[in-house]
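Open the model in your viewer and keep the selection panel at hand. The stops below can be taken in order.

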2 protein chains.
Amino acid sequence: MKIAVVGAGRVGQAIAGSWARLGHSVTFGVRHPHDEKTHQLLASIGQGTRAAPVHDAAKAADVVVLAVPFGAAEEAIGACKGLKGKILVDCTNPLLPERAGLSIGHDRSAGEAIAGWAPQARVVKALNMTGAKNMANPKYPEAALSMLVCGDDADAKRVVAGLVGELGFDVVDAGPIEASRLLEPLAMLWINLAFKLGNGQDIGFRLLRR
Amino acid sequence: MKIAVVGAGRVGQAIAGSWARLGHSVTFGVRHPHDEKTHQLLASIGQGTRAAPVHDAAKAADVVVLAVPFGAAEEAIGACKGLKGKILVDCTNPLLPERAGLSIGHDRSAGEAIAGWAPQARVVKALNMTGAKNMANPKYPEAALSMLVCGDDADAKRVVAGLVGELGFDVVDAGPIEASRLLEPLAMLWINLAFKLGNGQDIGFRLLRR
């Protein structure tokens with residue numbers, strides 16, 4: 001396929017390199033297609049990968065991959081001009097500076113509300129991200145499901161991690177209670193996959209380590 | 001440990017059963033500890049599991065597990081009365097009726113913003129939820145990482161799923177573009193795990209199937 005990768009950062013380079021090696025025709029859409037940095041990039045990837053102004057790259061492509069920071073996305077889309085009927089792959093995340101969080105939505109959570117209602121308790125968010133059947137048995141043929149756990153009190157989190165581990169889960173520390181903003185969407189994702197998208201309840205997430 | 005499970009729904013039953021079999025002292029905190037339904041529940045779990053009013057169960061416990069719907073959480077916490085120093089495990093999710101979404105936060109996403117800026121394109125959210133190193137090589141010793149993909153145009157999503165699969169990912173359909181509200185927090189979670197919580201970038205999520 002003819003693929004335009006708009007943005008030549010680390011993600012753009014990684015996917016462009018793989019697709020080019022697989023035989024796809026890959027063109028980076030960049031502001032300065034002829035500068036030294038771009039030449040070095042193309043040389044390192046090889047495989048006939050090209051660079052062109054964003055508009056030209058997008059125009060010629062079947063699939064346009066938006067691999068720029070979210071803050072640059074609107075301008076990059078404007079530079080593409082007509083994307084009529086094109087497939088546009090959005091790889092962005094609305095990150096705050098220094099990866100402090102997401103700038104869109106996600107500014108509250110049930111976990112934080114619970115902590116506010118129980119100010120004297122040491123609240124740990126856990127056991128929210130999968131279904132009851134997985135809670136009863138998180139051991140899959142392949143491996144154990146992961147359970148992410150977050151909270152502000154390290155001792156409390158350690159105790160809960162122990163109890164969750166005893167259930168058979170691979171326990172992963174997800175940070176402070178504010179991370180409930182991330183664990184609750186993960187639950188919603190599981191719910192959608194299980195109940196709306198036809199996968200059923202015998203699915204679950206595991207964090208792999210290389 | 002002495003564990004109070006507040007709420008006797010499916011999740012509460014699953015975890016209470018496992019913990020009781022492991023030798024923990026488990027008491028359900030419920031409104032009606034002596035009704036027929038509760039008796040049947042205790043009989044089915046066995047292992048010395050008891051039921052008590054929420055306050056009594058919480059008072060006697062080392063760890064209080066809040067396994068009620070989020071809408072009932074504030075009242076349940078009130079019923080616990082003093083939770084001073086107690087470990088409170090929050091298993092709730094702020095679900096909308098019929099699991100339509102989350103009622104707290106998560107009402108917008110970059111993916112939807114992108115779709116708004118490119119109204120003529122067929123936007124697919126993909127390749128946002130892990131790092132560049134994993135994009136270049138998503139094959140782990142254990143298995144391939146999963147990549148969740150969402151979008152409103154089925155054909156476009158199929159094409160992108162093909163391209164993402166060629167990178168070596170196990171591709172999972174996460175539904176319409178609105179699911180960007182869930183995939184972006186998943187990215188933030190990966191970022192936190194990799195960069196803030198000391199796991200490094202050689203980690204990633206996989207969806208297991210039983």
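**Before you start.** This is a predicted model, in which local features need pLDDT of at least 70 and side-chain atom pairs count only at pLDDT 80 or more, while totals for chains, interfaces and linings use all residues. Residues are numbered from 1 along each chain as its sequence is written, chains are lettered from A and ligands numbered from 1 in the order in which they are written, and side-chain values use heavy atoms, with hydrogens and water left out.

Stop 1: Show strands (DSSP runs of E, at least two residues; helices are runs of H or I, at least four, and both are numbered from the N terminus). Eight strands form an open sheet with mixed pairing, in the order 3(A)-2(A)-1(A)-4(A)-5(A)-6(B)-7(B)-8(B); strands pair if DSSP finds at least two bridges between them. Its edge strands are strand 3 (50-53) of chain A and strand 8 (170-173) of chain B, each pairing on one side only.

Now select strand 1 (residues 2-6) and strand 4 (residues 63-66) of chain A: they run parallel, joined by four bridges. One of the pairs to pick out is A:Val6 with its bridge partner A:Leu66.

**Stop 2: strands 6 and 7 of chain A.** Strand 6 (residues 122-125) and strand 7 (residues 146-151) of chain A run antiparallel, with two bridges between them. Here A:Lys125 stands opposite A:Cys150.

**Stop 3: helix 8 in each chain.** Select residues 180-196 in both chains; at what angle do helix 8 of chain A and helix 8 of chain B pack? The angle is about 130°, and the axes are 8 Å apart (axes are lines fitted to C-alpha atoms over the stretch in contact; angles run from 0 to 180 degrees between N-to-C directions). That makes the two helices oblique. Angles under 35 degrees count as roughly parallel, over 145 as roughly antiparallel, 65 to 115 as roughly perpendicular and the rest as oblique.
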